[in-house]
Amino acid sequence: MPYAGGYQSQVFAAGGSPFPFTVQGLEDAAREKLPAPHFDYIAGGAGRERTVAANVDAFARWGLNYRILRDGKPGVPSYTVLDTPMAMPVLLAPAGVADLAHPEAERAAARAAADTGVVQVLSSATSTALEDVAEAAPEGRRWFQFAWPDDEKLARSLIDRAENAGYSAIVLQGDCHVAGWRTRELDSAFFPFQRAHGMGNYLSDRRFRELAVMGPRPARGAALDPAEVVAAAATWNRLYTRPALHPGDLALLRAWTDLPVIVKGVCRPDEATLLADAGADALIVSNHGGRQLDSGLAALDCLPGVVAAVGGRVPVLFDSGIRTGTDVLIALALGASAVMIGRPWLYGLAIGGQEGVTHVLRCLEAEFTGALALTGHRDPATLSPADLTPVTTPSNRRAR
Ligand SMILES: Cc1cc2nc3c(=O)[nH]c(=O)nc-3n(C[C@H](O)[C@H](O)[C@H](O)COP(=O)(O)O)c2cc1C
């Protein structure tokens with residue numbers, strides 16, 4: 001009986017791992033490691049966090065159909081979405097201010113992603129400039145999540161920089177036209193951007209510095225003086241992001257870049273249709289991990305409608321609530337081409353930097369690969385709703 005992905009064998013051979021394997025263990029370890037406001041910024045969501053909980057709980061309403069007397073040998077070794085090869089259909093979701101979790105932030109994540117063959121989707125609001133992240137793992141594959149700033153020259157500068165640094169797709173953030181009501185942040189009065197966290201791409205941008213009336217970019221790693229922090233935070237707050245975006249704006253983005261354009265944050269079938277008509281190359285069903293709108297639908301419940309509306313015209317990716325390899329399988333069976341994880345990689349980063357992120361990805365890979373074989377598949381592309389049975393009274397609800 002082989003261990004899928006090989007990670008189990010390695011863990012047993014090494015006599016264990018410094019990192020936890022359960023979902024709850026990972027979150028608890030991150031909570032223990034980080035200052036409370038940092039942990040709360042990462043873990044928290046909007047309002048009462050009902051959407052955050054719904055995202056995770058939705059997976060327990062599906063049971064995977066188990067199949068026996070099958071071939072357990074490794075199947076398809078890699079996977080491709082929008083011409084980007086990936087070792088498994090899991091990407092690192094864009095997450096700003098990763099330096100709240102670990103000083104090596106996105107660079108550590110870039111190295112972990114490159115080591116595991118996973119695509120890193122880099123946030124606009126990173127701690128580190130996008131060029132420096134690319135340089136940290138030149139062999140890695142990466143897409144750039146674009147938060148459209150309210151200044152056209154800055155917008156074009158960010159897109160050009162991403163393209164020049166080797167990012168191979170633009171992921172347009174569609175769901176941040178207003179800030180979520182984040183109660184944990186309010187309780188701790190900790191808003192990272194007020195302290196110039198998450199501005200790596202802006203502080204390194206000539207146009208941003210011009211708008212913030214700051215001098216030329218200082219040497220890498222040089223600290224900002226307090227007046228610069230105030231100027232940068234005020235300018236960022238004013239420009240991040242354009243308050244209004246429409247499907248028609250995709251045409252402008254297309255005029256600026258030849259890279260594929262993916263829209264993130266789609267939850268409604270009618271909007272999915274409009275975006276596919278407007279020329280989006282792919283969509284990401286996501287509710288931002290429940291960080292924007294409370295009392296929202298679970299993202300997973302939005303997935304089948306969007307997949308049906310798009311009718312195979314463009315790939316549909318998914319995030320919000322993926323915690324395990326079997327969650328990946330469920331989302332793929334419901335029609336996702338690939339999924340992204342947000343908090344799990346940040347927790348991994350918090351507890352072990354690059355190694356922690358690698359651990360999270362290898363756990364997902366091993367569990368996903370094993371579950372794929374146990375449901376009778378050798379290629380994720382053959383998953384379908386026939387692999388699932390709705391569970392009306394979830395007995396498997398409590399995630400550890
Ligand atoms: C701390 C944190 C920061 C995030 N920053 C961004 C961001 O800058 N841009 C973006 O599009 N999404 C951002 N997200 C949302 C993620 O891309 C993703 O949609 C979400 O985390 C998925 O849900 P999950 O955390 O349940 O996996 C952030 C999420 C977290 C937890």
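Visitor: Two strands pair if DSSP finds at least two bridges between them, so which residue in β8 stands opposite Gln173?
Guide: Gln173 stands opposite Lys264 in β8, where strands (E, at least two residues) and helices (H or I, at least four) are DSSP runs numbered from the N terminus. This is a predicted model, in which local features need pLDDT of at least 70 and side-chain atom pairs count only at pLDDT 80 or more, while totals for chains, interfaces and linings use all residues. Residues are numbered from 1 along each chain as its sequence is written.
Visitor: How many bridges are there between β7 and β8?
Guide: There are four, and β7 pairs with β8 (residues 261–266) in the parallel sense. Strand β6 (residues 142–146) also runs parallel to β7, joined by three bridges, and Phe146 has Leu172 as its bridge partner in β7.
Visitor: And what do β6, helix α7 and β7 make?
Guide: With α7 spanning residues 152–164, they make a right-handed β-α-β unit, meaning that, with the strands pointing away from the viewer, the path from the first strand over the helix to the second runs clockwise.
Visitor: New topic: why does Trp236 count as buried?
Guide: Trp236, in helix α11 (residues 226–239), counts as buried because it has 21 C-beta neighbours inside 10 Å.

Conventions:
Two strands pair if DSSP finds at least two bridges between them. A residue is buried if 20 or more other C-beta atoms lie within 10 Å of its own, exposed if 12 or fewer, and partly exposed in between; C-beta atoms are placed from the backbone.
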